Amino acid sequence: MSDEKTFLNSYNMNDYERPSVTADIIALKIRSQDSENYRRNQKTSLSLLLIKRGGHPFKGCWALPGGFLNPGETIEQCALREIEEETSVKPVSLMSIGLFSEPGRDPRGWIISNAFVSVLSEATVNQQYGDDADDAQWFDISFDKDENGFYRLELSRRDTTMTALLTEEKTQFGRTYFNIKDSGGLAFDHAKIIATALTSLRNEAKDFENIFDFLPEKFTLTQLQNVQETITNVSVLPANFRRKISGLVTETDEYTKGAGHRPAKLYVRKQTGR
């Protein structure tokens with residue numbers, strides 16, 4: 001013990017180069033698109049929260065909310081603090097999707113990013129930009145492989161559209177690694193981080209468990225299917241979908257309310273471990 005104390009007293013962290021550490025947050029929500037025809041299923045789309053950078057580098061470019069780790073806080077606390085400071089959004093929970101440490105990913109120097117996915121309820125989101133962000137807005141997402149073999153990430157909002165192209169480097173332990181061919185105007189390597197997050201989320205959603213975080217406490221089976229198909233970008237026959245999720249939901253005695261359409265039964269997520 002005395003040897004360790006002597007070692008620690010003589011140890012100087014400044015003798016070694018150390019990276020700076022940041023957190024980046026992929027904040028997602030399912031946005032409802034009301035239909036004028038009540039007989040049709042309500043359409044949904046996946047949206048991503050971005051901030052417009054107020055300072056260099058990449059001043060004026062759209063980027064993920066995030067920032068540097070402060071002394072005395074965990075990386076999760078950093079992520080929650082940064083997104084609230086920059087957008088006024090307060091996520092309930094975060095899911096880690098990994099580290100991004102490629103040399104040169106940040107022109108300021110050796111900076112490692114810890115990326116997190118946050119799933120937000122549409123009803124509770126009211127973003128406002130602040131701190132070092134000039135703006136904070138939601139962008140609809142389109143992400144798929146095109147006919148040339150590139151992964152195409154399109155982020156659109158009103159008259160603004162950004163299109164990034166990525167290639168697949170490898171897939172290991174269930175995670176796909178991407179290279180950026182064209183960032184589409186997004187700051188840093190955020191196109192890669194977003195693509196990684198969407199791929200990870202789609203893989204998770206195939207088991208149906210994580211899709212409940214996009215829904216209100218009580219929901220219809222059509223709402224549940226819309227969310228699952230929006231995330232995975234895969235359509236499922238209603239009968240097959242209901243068979244697969246039958247063990248995950250509990251029927252209530254309540255129905256949707258609203259004029260012009262047939263009421264639908266409401267369900268809740270089945271509680272486990274009780």
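**Cores and aromatic pairs in a predicted model**

In this predicted model, the largest nonpolar core holds 46 residues, and Ile26, Leu28, Leu153, Leu155 and Leu224 touch the most other members. Helix H3 (residues 190-205) gives the most to this core, with eight residues.

Me: What makes Leu48 a contact of Ile26?
Reply: Contact requires heavy atoms within 4.5 Å. Beyond the neighbours within four places in sequence, Ile26 is in contact with residues including Leu48, Leu64, Phe116 and Ile193.

Me: Why is the pair of Phe7 and Tyr11 called tilted?
Reply: The ring centres of Phe7 and Tyr11 lie 5.6 Å apart, with the planes at 50°. Phe7, Tyr11 and Tyr16 form one aromatic cluster.

Me: Why is the pair of Phe143 and Tyr151 called stacked?
Reply: For Phe143 and Tyr151 the centres are 5.8 Å apart and the planes stand at 25°. Planes under 30 degrees apart count as stacked, so this pair is stacked.

Me: Which term applies to Phe143, buried or exposed, and why?
Reply: Buried means under 20% relative accessible area. Phe143 has 4% relative accessibility and therefore counts as buried. Tyr151, at 15%, is likewise buried.

Me: Why is Phe7 called partly exposed?
Reply: The relative accessible area of Phe7 is 46%.

Methods: Residues are numbered from 1 along each chain as its sequence is written. This is a predicted model: local features need pLDDT of at least 70, side-chain atom pairs count only at pLDDT 80 or more; totals for chains, interfaces and linings use all residues. Side-chain values use heavy atoms; hydrogens and water are left out. A nonpolar core is a set of buried Ala, Val, Leu, Ile, Met, Phe, Trp, Tyr and Cys residues joined through side-chain atoms within 4.5 Å. Buried means under 20% relative accessible area, exposed over 50%, partly exposed in between (1.4 Å probe, protein chains only). Helices (H or I, at least four residues) and strands (E, at least two) are DSSP runs, numbered from the N terminus. Rings of Phe, Tyr and Trp (its six-membered ring) pair if their centres lie within 6.5 Å; planes under 30 degrees apart count as stacked, over 60 as edge-to-face and the rest as tilted.
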